[in-house]
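Colleague: I am new to this structure and would like to learn how to read its features one at a time. Could we go through it together?

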Amino acid sequence: MTLHMDRLAQGGPWRQRALAEKAVLALGLLGLALVLPPWPGAALVLVAAWTSALAAARIPWGDWLRLNAAPLGFVLTGAAAVAVEIGPDGITLAADHGRAALAIVLRASAAASCLLLLAATTPTPDLVQGLRRLGLPVELIEIMLLTWRFIFLLQDAAASIRNAQEARLGWHGRGRSLRSLGLLIAQLLPQAMERARRLEMGMAARGFDGTLRLARPHRRVSAISMISIISLHLVLAGTCLWLA
Amino acid sequence: MHIMEGFLPAGHALAWTAISTPFVVAGVRRLKRILADNPQARLPLAAAAGFTFILSALKLPSVTGSCSHPTGTGLGAMMFGPSVMAVLGAVVLLFQGLLLAHGGVTTLGANIFSMAIAGPWVAYGVWKLSDRLGLPAAIGVFLSAFLGDLATYVVTSTQLALAFPDAETGFAGALAKFASIFAVTQAPLAVAEGLVTVVVINALTARGQMHGLGEKA
């Protein structure tokens, strides 16, 4: 079983691009979304992130829209709280007519698109390897890489247990669903630990000393791409300050 | 309850990152000590983090009809202890942001504080307190998971109210707004998570696996 985001990242055309290029593009845009005024700054970042994702990284439209819809529930609910005021007359529309809420929605949507651009074009192990180069403790990196592996193993195990429960009408009705979920989790946790124990034995037998060495094809950072990316950031920041 | 990417202003995002960092650094130090003393703990710890991630992908039938997922805050604190949960929680939250678009990188500090620090410590404290008070185990487990969940929701509402104070009523008014809006989903979720955690701990205890797991991790 796979996760949708991981499938996009592993199979996309930007899989072969250097991590530094993708990280500087996406995180640079993310920084701009946060520090520039939401209008027009975040709007410009939103356009740049969507164009990069759809035209350059060629992420399919349907997938991209679905990914962007995921954070919207929280963003809209949170923004709704900012759009109203509690006063003596009860709940009323805020004095700024929801302008602050709109700014939050714009900034959060732009920022989320930037993170999605990075996540949907770069497999998580590549990002973890990047964090290692940035100086994160090696123990933490190993735990992260092993966690990533366990996610897929446990996802399969959880899906099998759930299928078996559904076949026995275990998810019919709220009470039974709660009980089934509890039993699923109770089943999954010892399974996770048992798998960990077996994996540990197998790796120890092969001389595992705690260091995970992964084959990582060398991808050269293109100077032209890097200059273009930084120029894009500068143009966006300049345009925003000129329009604001 | 994850705060989504870009929702917090830059200053608040930085401040919460600074507040959470010492807890995570302390957790990493503890993790290093655990791995130095017992290198075999590496895989059980990773399995625990993977397990916490998978919990967020499981749908929880909520009382209001909306579907949400368990956070595993209380369960993780009971099984693995709150200090290690700060690191495992940070790893899980980063992966949730990258793989599920739940949370984000700039809001990681704020989310770590609510879900990997405040929630687990409250859950752990309640669990220990109920044990000392001699409450029945099921009630202790329920209260621990329920209040751990509730703590994450109250902390998140506080974080949002600090970032977006109400124009008229300031921080208090904003806290009331955020707390009441999110209560619709979070209060039933906390009850459901409390009940599910009781089923989990009962099943693990009945199989004699509760003690062994805590020891391994």
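Colleague: How many residues does helix α9 of chain A have, and how far does α9 reach from its first C-alpha to its last?

Modeller: Before the answer, a word on the source: this is a predicted model, in which local features need pLDDT of at least 70 and side-chain atom pairs count only at pLDDT 80 or more, while totals for chains, interfaces and linings use all residues. Residues are numbered from 1 along each chain as its sequence is written, and chains are lettered from A and ligands numbered from 1 in the order in which they are written. Helices (H or I, at least four residues) and strands (E, at least two) are DSSP runs, numbered from the N terminus, and the expected span of a helix is 1.5 Å times one less than its number of residues. Helix α9 of chain A, residues 174–205, has 32 residues and reaches 46 Å, close to the 46 Å expected. Just after α9(A), Gly207(A) takes a positive phi of about 80°.

Colleague: What span should helix α8 of chain A have, and what follows α8(A)?

Modeller: The 30 residues of α8(A), 138–167, should span 44 Å at 1.5 Å a residue, which agrees with the 44 Å between its end C-alpha atoms. Leu169(A) follows α8(A) and lies in the loop between α8 and α9 of chain A; its phi is positive, about 60°, although Leu169(A) is not a glycine.

Colleague: How is a pair of packed helices described?

Modeller: Two numbers are used, the angle between the axes and the distance between them. Axes are lines fitted to C-alpha atoms, for helices over the stretch in contact, and angles run from 0 to 180 degrees between N-to-C directions. In chain A, helix α2 (residues 19–35) and helix α6 (residues 99–119) pack at an angle of about 170°, with their axes 9 Å apart. The two are therefore roughly antiparallel, given that angles under 35 degrees count as roughly parallel, over 145 as roughly antiparallel, 65 to 115 as roughly perpendicular and the rest as oblique.

Colleague: Which residues of α2(A) and α6(A) meet?

Modeller: Residues are in contact if their C-beta atoms, placed from the backbone, lie within 7 Å. Among those that meet are Ala26(A) and Leu30(A) in α2(A), and Ala111(A) and Leu115(A) in α6(A). By class, this contact has 13 nonpolar, no polar and 2 charged residues, where Ala, Val, Leu, Ile, Met, Phe, Trp, Tyr, Cys and Pro count as nonpolar, Asp, Glu, Lys and Arg as charged, and the others, Gly among them, as polar.

Colleague: At what angle do helix α3 and helix α10 of chain A cross?

Modeller: The axes of α3(A), residues 38–56, and α10(A), residues 223–243, cross at roughly 145° and come within 9 Å. The residues that meet include Pro40(A) and Leu44(A) in α3(A), and Leu236(A) and Leu243(A) in α10(A); the contact divides into 8 nonpolar, 2 polar and no charged residues. Pro40(A), which has its place in helix α3 of chain A, is joined to Trp39(A) by a cis peptide bond with omega about 5°.

Colleague: How many residues of chain B are in contact with chain A?

Modeller: There are 58 residues of chain B in contact with 66 residues of chain A. The elements giving two or more residues to that side of chain B include α1 (10–37), α4 (82–99) and α7 (170–206). By class, that side has 41 nonpolar, 10 polar and 7 charged residues.

Methods: Contact = placed C-beta atoms within 7 Å.
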